[in-house]
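Visitor: I would like to learn how to read charged side chains in a model. Please take me through some cases.

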Amino acid sequence: MTQNSEFPKKYSPKDFEQNIYKNWEDSGNFKPTKSKTWENFYIPIPPPNVTWILHLWHAIMLSLEDIMTRYHRMKGDSTIWIPWTDHAWISTQAKVEERLAKKWISKHEIWREAFMKEAWAWKEEHANIITNQFRKMGASCDWSKEKFTLDDDLNKSVKKAFVDLYNKWLIYKWEYMVNYSPKLQTVLSDQEVIYKEEKWKLYYITYFVDWSDNEIIVATTRPETLLWDVAVAVNPKDKRYKKLLKSGKKLILPILNKPIPLIWDEMVDMEFWTWAVKITPAHDANDFDVAKRHNLPLTEVVIDKNGTMTEKAGIFAWIDFMSARQNVVELLKSKWNLLKIEDYTNRVGYCERSGCKVETIISTQWFVKIWPIVEKVIAWYKKQDFEIIPKRFNKTFEDWIFNLRDWCISRQLWWWHQIPVFYHKTTGQMIVTEEDLSKNPDYIQDPDVLDTWFSSALWPFSILGYNMWWKEQVDMVKQFYPASVLETWHDIIFFWVIRMLLFWYEFTNQTPFKKIYLHWLVRDKIGRKMSKSLGNGIDPLDMIEKYGTDPLRLTLTIWNTPWNDLKFDEDKVEEHMLFMNKLWNACRFINANLWDETIIELWNDLAKTEKTIIDNYDKLLISEKWILSRVKSLSDLVTTSMEDYNFAESWQELLNFTKNEFCDYYIEEFKLTKNTSKFWNQVIVYVMNTLLKLWHPYIPFITEELYNKLWFKDSLIVSDWPKLKIKRDEDVEKEKQVIIDLIKEIRRLRAENNVIPSNTIKVQIYVRTKNLETITNSLDIISWIVKSEETIIVDKKPKDINLAYSVIKAWIEVYVDTSNALDLDKETDRLKLAIDDTKEYIAILDKKLLNESFVRKAPPALVREEMEKKEQAKQKLEKLEEKLKNLG
């Protein structure tokens with residue numbers, strides 16, 4: 001083997017990322033192997049819609065889950081991460097309908113079977129887009145086990161789940177109040193409705209009391225619905241209506257002039273509007289519940305699901321509801337039933353998918369009876385059978401789980417899974433079965449399909465391999481279920497997380513996952529939610545094209561306060577790309593300067609290399625002991641963070657070690673000390689190997705490429721996670737930290753004083769007894785790194801005011817002579833700006849001290865403090881003006 005001469009001068013991810021991924025996949029590196037730890041790691045992936053393209057929130061999800069997967073694979077756990085896509089029932093159907101509309105075809109003009117063929121064709125055209133984008137992000141999924149929610153085996157699982165729940169009396173069909181999308185022509189869950197504030201009118205309507213001069217005022221935003229009011233409700237604690245309620249008198253419904261009852265119900269808010277609420281069960285969910293409690297009529301609908309008045313509306317029938325509203329208002333005015341109209345801001349529901357206004361209607365639908373199942377989840381939650389990370393989302397979970405209502409699972413769409421219920425064409429007999437009776441001419445299948453989250457809730461179990469799971473568990477299920485962790489967005493805790501818990505405690509009496517890791521949302525750099533309307537969306541593929549995948553992954557996963565929403569800033573991606581270049585150059589230096597015939601063995605037999613280092617530890621240089629101790633500390637910290645799912649906690653240390661300690665310090669000192677060390681090759685190979693492994697889960701592409709270029713025989717993705725046997729030497733670390741702090745401060749003073757990068761400076765270090773020997777022995781390396789032509793230790797503080805100055809510790813001060821190295825123009829500008837700022841500060845202090853009221857009323861200590869600030873500022877101004885004068 002010869003030295004790797006093909007080592008480009010610059011980090012260029014386009015040259016290797018896709019080739020590396022192909023090699024990983026072709027080599028079977030993503031498949032689970034026999035566990036070396038007797039542990040397994042299985043992570044479900046949140047279901048991306050098959051029609052979607054990659055968004056930043058996908059990119060965060062993929063990056064975090066890949067970090068977990070790569071770590072556990074390297075750790076030696078049998079690891080599996082199965083990719084899958086969801087059938088995207090609403091969005092796919094909408095896209096297919098749009099395609100048909102361009103041909104002037106409505107879905108109702110073709111048979112369901114023909115429509116399904118169109119939908120499958122759409123799926124096949126777009127199925128590879130999202131999965132190929134997953135590959136771009138470096139997701140190390142086992143593609144040999146890729147699943148789609150409409151695969152035959154998953155279809156069977158869905159049918160089995162439905163039939164099982166039905167046979168347990170946990171699924172039922174019932175007439176209930178639901179949300180309806182007129183455009184999509186299907187019911188929606190509450191979570192699929194988004195609310196917008198709009199300017200409406202509030203109508204105050206008088207309901208007269210039968211055979212009385214009394215009246216009750218009711219306020220409503222929808223006067224057209226009063227045509228089928230069945231009651232008016234007041235709060236039982238409201239003393240104003242007690243006498244009227246006891247009288248048993250009826251109210252007269254305006255326009256129709258028919259009597260309706262006055263009832264008590266705690267639903268009525270005594271502080272809201274007119275303290276009385278009209279009850280129209282067919283058009284309001286709260287009214288529906290009230291009517292059920294009071295045995296009132298439920299089903300008389302005056303507005304159909306398309307917003308048209310029905311025949312029940314009498315003279316207003318067959319017109320749109322807005323026209324009906326205007327006519328009703330005019331009629332109320334003529335009958336003296338309209339007291340007044342006010343402007344009102346109303347929250348109006350819109351379909352999240354189609355954007356149309358949602359109607360609230362009574363409809364017969366299929367439901368899952370929630371509470372018998374919820375009680376199991378709550379019981380196990382209280383026993384801490386699963387953990388939510390971070391813990392603050394326990395409150396969100398509890399808000400949902402303790403307030404769940406029965407789940408409407410039917411949708412009026414064609415794009416699958418069709419409900420496994422059949423009706424006899426003659427007798428109407430209903431059969432709930434896993435068998436397909438659609439070919440039987442005597443039966444017709446229920447036309448509705450299941451809510452997409454029904455099939456998604458089965459995912460942690462069903463994709464591990466087809467089974468009638470509670471009868472016959474296949475090997476994959478036995479090995480990997482329950483999942484180690486579920487990682488997902490915190491805003492779908494209800495949509496997916498809770499429903500999986502509901503199903504799997506019901507079906508297996510086990511949690512589907514041991515931990516629930518809820519990640520942050522991505523916002524733009526000023527904190528706004530990303531949206532099309534704001535035009536602030538970021539395409540991650542654009543970022544990858546411009547900077548590479550690894551810088552983007554690093555930005556999304558570790559450059560953030562843990563679990564707080566991320567303010568995405570492209571400048572950070574660029575900054576992380578520069579870091580990649582620094583890491584690249586460090587490895588390039590190793591490749592160019594440290595290669596010899598013995599290096600190959602050291603790279604590929606780390607155990608032997610480690611033993612050599614341990615056996616000869618006393619013979620190592622101080623700098624070698626220090627870097628080994630630091631990498632041991634770093635390895636322990638990163639490993640602990642990985643185990644605790646706290647990936648952002650250790651990244652700053654990892655970044656600091658790589659940039660400042662390894663690249664900027666150790667490699668520079670190595671250049672001076674190589675010839676005096678007997679074990680330089682073992683140490684630098686050992687540290688570099690460890691460093692690439694620690695970084696690999698975060699930035700897999702560059703670490704794999706560098707690992708390969710430095711002559712390692714195996715692929716980094718399947719290498720062992722570092723388990724370092726060397727020990728920390730904290731005394732050596734403390735000594736070296738003093739030198740590193742000195743160098744950092746001198747570099748800062750160079751930059752702050754506009755020293756030209758290629759020019760040299762002179763350094764004086766004033767140090768008392770402590771650390772004197774350490775600093776004395778390190779003068780050469782200090783001079784080398786900070787580009788000092790003369791670095792000396794002095795026993796007295798220099799008095800030259802033109803020296804740049806900094807206190808490192810209480811007993812160490814550094815003075816830098818930059819007089820012959822300055823960029824004069826930049827330094828002149830800096831001093832002038834500092835002089836102006838200091839004069840402005842003195843003027844502010846003068847104004848305060850010349851204020852007699854302040855001097856008289858403020859505590860004497862505060863006045864003295866302000867006077868001292870002014871004196872210090874004046875001294876600073878004198879020094880700045882003297883420096884500026886000397887520059888001239």
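Guide: Start with Arg240, which counts as partly exposed because its relative accessibility is 44%. Buried means under 20% relative accessible area, exposed over 50%, and partly exposed in between (1.4 Å probe, protein chains only). This is a predicted model, in which local features need pLDDT of at least 70 and side-chain atom pairs count only at pLDDT 80 or more, while totals for chains, interfaces and linings use all residues. Residues are numbered from 1 along each chain as its sequence is written, and side-chain values use heavy atoms, leaving out hydrogens and water.

Visitor: Which side chain meets Arg240 in a salt bridge?

Guide: Side chains of opposite charge can pair when their charged atoms come close. The rule for a salt bridge is a side-chain nitrogen of Lys or Arg within 4 Å of a carboxyl oxygen of Asp or Glu. Arg240 pairs with Asp238 at 2.6 Å, N to O. Asp238 is buried, because its relative accessible area is 2%.

Visitor: Are Lys147 and Asp153 buried or exposed?

Guide: Lys147 counts as buried at 15% relative accessibility, and Asp153 counts as buried at 15%. Their side chains form a salt bridge of 2.5 Å, N to O.

Visitor: How many salt bridges are there by this rule?

Guide: The count comes to 50 salt bridges. Another of them joins Glu745 to Arg748, with the closest N and O atoms 2.9 Å apart. Salt bridges that share partners also link Arg630, Glu653, Glu661, Arg728 and Glu733 into one network.

Visitor: What share of the protein is buried?

Guide: Buried residues make up 54% of the 888 residues.
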